[in-house]
Amino acid sequence: MALRFEVIGRFNRARAAQLTLPHYIVKHHCTIKGLTYSQLEDIGCQIILGNTYHLALRPTAELIDDMGGLHKFMNWDRALLTDSGGFQMVSLLHLADITEKGVTFQSPADGQPMLLTPEESIQIQNKIGADIIMALDDVVKTTITGPRVEEAMYRTLRWIDRCIAAHQRPHEQNLFGIVQGGLDPVLRDICVKGLVERDLPGELTSKGANLFDSHLWQLRYWWSFGGEDKDSFWRVVAQCTAALPEDKPRYVMGVGYPLDIVVCSALGADMYDCVYPTRTARFGTALIPEGVLKLKHKVMANDERPIDPTCSCMVCKTYTRAYLHCLVTKDALGSQLLSYHNLAYMMRLSKELHLSIVEGRFPDFVREFLKAQFPRGDVPEWVCNAMEVAGIDISSCCAHLSAPVYKASAIPIADGEAPTFGKEIGANSSGAVPLLVIISTEDFLQAIHFFN
Ligand SMILES: [Zn+2]
């Protein structure tokens with residue numbers, strides 16, 4: 001069996017879990033743009049996500065296969081996850097066209113039309129050799145409505161069968177299915193049921209490993225830059241986590257902000273990936289318990305404090321805000337140092353979230369998190385709604401529900417950065433809140449360069 005998933009703590013819907021993969025036990029995960037692997041290990045990163053689309057273009061799946069697989073090629077002995085490649089095509093290439101056969105796109109190399117089928121996606125991922133691989137799904141933005149969403153959902157179910165049939169290494173690599181259906185609860189429900197049904201009878205017997213033992217489920221959630229309805233977002237997550245099997249990890253792709261991760265974990269999700277920590281670092285923004293800190297701001301010019309006095313990462317132990325103020329957005333070192341801190345922040349958040357569930361104090365963790373992020377008690381309504389479903393009383397954090405706590409924050413807040421969606425990964429194994437950071441081509445090559 002290529003995976004073991006063990007829930008080691010619960011609070012209502014939230015779970016703390018341990019995911020054991022061929023190359024590592026994943027309690028908290030993450031990956032990076034511009035950081036070395038030893039830095040990732042320092043932070044506690046246990047899993048990295050690589051983009052199949054980028055890896056297939058360069059250095060190519062064949063070369064990686066010849067070199068003994070991605071673990072060996074990168075000299076990374078911890079866990080790896082690859083996506084199907086389809087998401088990049090649809091999100092990055094304007095000319096991508098989806099048909100029943102697969103995703104047709106124009107090669108960025110020579111402009112020739114190319115086709116990625118579910119079978120090819122799996123074959124490529126089999127060659128790359130990551131511990132977790134993704135089914136090719138028919139991706140639609142969550143903001144799209146109408147028959148296209150239904151078409152994509154049913155096609156995703158048809159394609160999962162082709163992916164399962166094509167998977168050549170089920171005992172070494174874990175294939176994740178993807179729940180499609182946009183914001184339509186009926187379609188999401190059909191998709192969840194369809195995927196669960198494919199988890200054939202073998203799993204319930206004691207026969208041991210078979211293809212379906214290694215079948216996991218995930219939601220595909222696509223951030224839109226227009227800022228979709230967060231209330232719809234959490235409701236979809238809540239619906240899917242309630243319907244997905246208890247004994248398998250639940251991965252919400254492309255999420256997210258620290259607040260989103262806390263909310264989704266409260267609703268029963270386990271894993272996440274997002275480019276946000278490193279993307280926002282490149283804009284000179286640091287993540288701190290109170291929200292974000294803009295290092296570019298002129299008030300940082302003579303601030304001798306570390307980014308976050310409560311953070312024990314190498315950057316906070318070594319550098320002042322004033323020093324970082326001079327570097328950010330001007331020097332690559334600035335991005336690297338902020339990326340390091342931001343990932344350390346996400347790892348700490350994940351670990352604390354995980355521990356709070358294991359130790360039976362998750363509601364306190366959530367309340368402390370919200371009080372730090374919203375000192376004026378202005379917790380967004382969608383968060384209040386989600387916490388009600390999660391069974392966590394946050395009335396003491398909400399001004400409209402209790403006496404307001406006014407605490408002026410002198411921290412400059414980042415303004416209007418677009419949600420990142422590309423790929424760096426942060427996986428959260430619920431409770432364990434694994435954070436994966438997806439590596440884009442640039443990221444991957446940069447990582448290789450650093451390593452060498
Ligand atoms: Zn730090």
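These questions and answers walk through a predicted model of one protein chain.

Q: How many helices and strands does the protein chain have, and what share of its residues counts as buried?
A: The predicted chain has 452 residues. Its secondary structure comprises 17 helices and 17 strands. The share of residues that count as buried is 51%.

Q: What percentage of the contacts with a separation of 6 or more comes from residues 24 or more positions apart?
A: The count takes in contacts in the protein chain with a separation of 6 or more.

Q: Which span does helix α14 reach from its first C-alpha to its last?
A: Helix α14 covers residues 332-358, which is 27 residues. At 1.5 Å a residue, 39 Å is expected. The model comes close to that, with a span of 39 Å.

Q: Why is α14 described as largely enclosed by the rest of the structure?
A: A residue is buried if 20 or more other C-beta atoms lie within 10 Å of its own. Helix α14 is largely enclosed because, of its 27 residues, the number buried is 21.

Q: Which residue with a positive phi follows α14?
A: The helix ends at residue 358. The residue in question has phi near 75°. It is Gly360.

Q: Which element gives the most residues to the largest nonpolar core?
A: This core has 119 residues. Those with the most contacts inside it include Ala135, Val237 and Leu267. The top contributor gives 11 residues, and it is α14.

Q: What does Leu267 contact, leaving aside neighbours within four places in sequence?
A: Leu267 is among the core residues with the most contacts inside it. Its partners beyond the near neighbours are Arg13, Trp234, Val237, Ala238, Thr241, Ala386, Val389 and Ala390.

Q: Are the faces of strand β5 covered or open?
A: Side chains in a regular strand alternate between the two faces of the sheet. In β5, Ala79 and Leu81 are buried on one side. Leu80 and Thr82 are buried on the other. Both faces are covered.

Q: In which sense does β5 pair with β4 and β9?
A: Strand β4 joins β5 over 4 bridges, with Ile48 opposite Leu80. Strand β9 joins β5 by 2 bridges, with Leu81 opposite Ile132. The sense is parallel for β4 and parallel for β9.

Q: Which residues does the cis peptide bond join?
A: Most peptide bonds are trans. Here omega is about 15°. The proline involved is in the loop between α2 and α3. The bond joins Arg58 and Pro59.

Q: What is the phi of Thr60, a residue other than glycine?
A: Thr60 lies in the loop between α2 and α3. It counts as partly exposed, with 14 C-beta neighbours inside 10 Å. Its phi is positive, about 90°.

Q: What is the phi of Asn12?
A: Asn12 is in the loop between β1 and β2. With 15 C-beta neighbours inside 10 Å, Asn12 is partly exposed. Its phi is positive, near 50°.

Terms used: Residues are numbered from 1 along each chain as its sequence is written. This is a predicted model: local features need pLDDT of at least 70, side-chain atom pairs count only at pLDDT 80 or more; totals for chains, interfaces and linings use all residues. The expected span of a helix is 1.5 Å times one less than its number of residues. A residue is buried if 20 or more other C-beta atoms lie within 10 Å of its own, exposed if 12 or fewer, and partly exposed in between; C-beta atoms are placed from the backbone. Two residues are in contact if their C-beta atoms, placed from the backbone, lie within 7 Å. Two strands pair if DSSP finds at least two bridges between them. A nonpolar core is a set of buried Ala, Val, Leu, Ile, Met, Phe, Trp, Tyr and Cys residues joined through C-beta atoms within 7 Å.
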